[in-house]
Amino acid sequence: MPYKEWVTGGDVASEDEVGTGEGAVIRDGLKKIAVYRDNNGKMHKRSAVCTHMGFIVGFNALEKTWDCPCHGSRFSALGEPINSPAIRPLEMLREEE
């Protein structure tokens with residue numbers, strides 16, 4: 001069941017481990033954060049919680065999308081919805097350079 005993702009660690013321990021053009025889920029206390037470093041090196045952070053049913057998304061490196069394992073919602077690397085059933089973007093967190 002995908003809800004186990006709420007209690008596990010992240011894909012990497014820190015955002016420093018996310019390379020250019022890559023994404024990963026990291027744990028920050030009780031939160032799961034979807035971190036993407038764009039081709040210019042800018043870090044983009046969104047909540048890793050799918051806006052449809054609350055499951056944790058994972059980064060699809062081939063497509064550069066955040067994919068939800070529950071009902072197939074997909075989000076762009078920057079968190080915008082591209083496949084329903086989710087229609088709202090992933091919650092935005094602070095941006096860093």
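Begin by selecting strand S1 (residues 22-28) together with S2, two strands that run antiparallel and are joined by seven bridges. Keep in mind throughout the tour that this is a predicted model. Within this pairing, select Gly-23 and look across to S2, where Tyr-36 is its bridge partner. Next, move to the hairpin that S1 and S2 form, which has two residues between the strands, and pick out Gly-29, which takes a positive phi near 65 degrees.

Now colour S2 by itself, a strand that covers residues 31-37 and is mostly covered, since six of its seven residues are buried. On its other pairing, S2 meets strand S3 (residues 43-47) in the antiparallel sense over five bridges, and if you select Ile-33 you will find its bridge partner in S3 to be Ser-47. The hairpin of S2 and S3 has five residues between the strands, and Gly-41 in the turn shows a positive phi of about 90 degrees.

While S2 is still highlighted, select Lys-32, which lies in this strand. Is Lys-32 buried or exposed? With a relative accessible area of 4%, Lys-32 counts as buried, because the cut-off for buried is under 20%. Show its side chain as well, and you will see that it makes a polar contact with the side chain of Thr-8, at 3.2 Å.

The next stop is the aromatic residues, where the count comes to two aromatic pairs. In one of them, the rings of Tyr-36 and Phe-59 have their centres 6.0 Å apart and their planes at 35 degrees, so the pair is tilted. This pair links distant parts of the chain, with Tyr-36 in strand S2 and Phe-59 in strand S4 (residues 58-60), 23 residues apart. Tyr-36 is buried at a relative accessible area of 8%, and Phe-59 also counts as buried, at 17%.

Finish at Gly-79, in the loop between strand S6 (74-76) and strand S7 (81-83). Gly-79 is buried, with a relative accessible area of 0%, and, leaving aside residues up to four places away in sequence, it touches Arg-46, Pro-89 and Leu-90.

Key. Residues are numbered from 1 along each chain as its sequence is written. This is a predicted model: local features need pLDDT of at least 70, side-chain atom pairs count only at pLDDT 80 or more; totals for chains, interfaces and linings use all residues. Side-chain values use heavy atoms; hydrogens and water are left out. Helices (H or I, at least four residues) and strands (E, at least two) are DSSP runs, numbered from the N terminus. Buried means under 20% relative accessible area, exposed over 50%, partly exposed in between (1.4 Å probe, protein chains only). A polar contact is a pair of N or O atoms within 3.5 Å; within protein, one must be able to donate a hydrogen and the other to accept it, and residues adjacent in sequence count only if both atoms are side-chain atoms. Rings of Phe, Tyr and Trp (its six-membered ring) pair if their centres lie within 6.5 Å; planes under 30 degrees apart count as stacked, over 60 as edge-to-face and the rest as tilted. Contact means heavy atoms within 4.5 Å. Two strands pair if DSSP finds at least two bridges between them.
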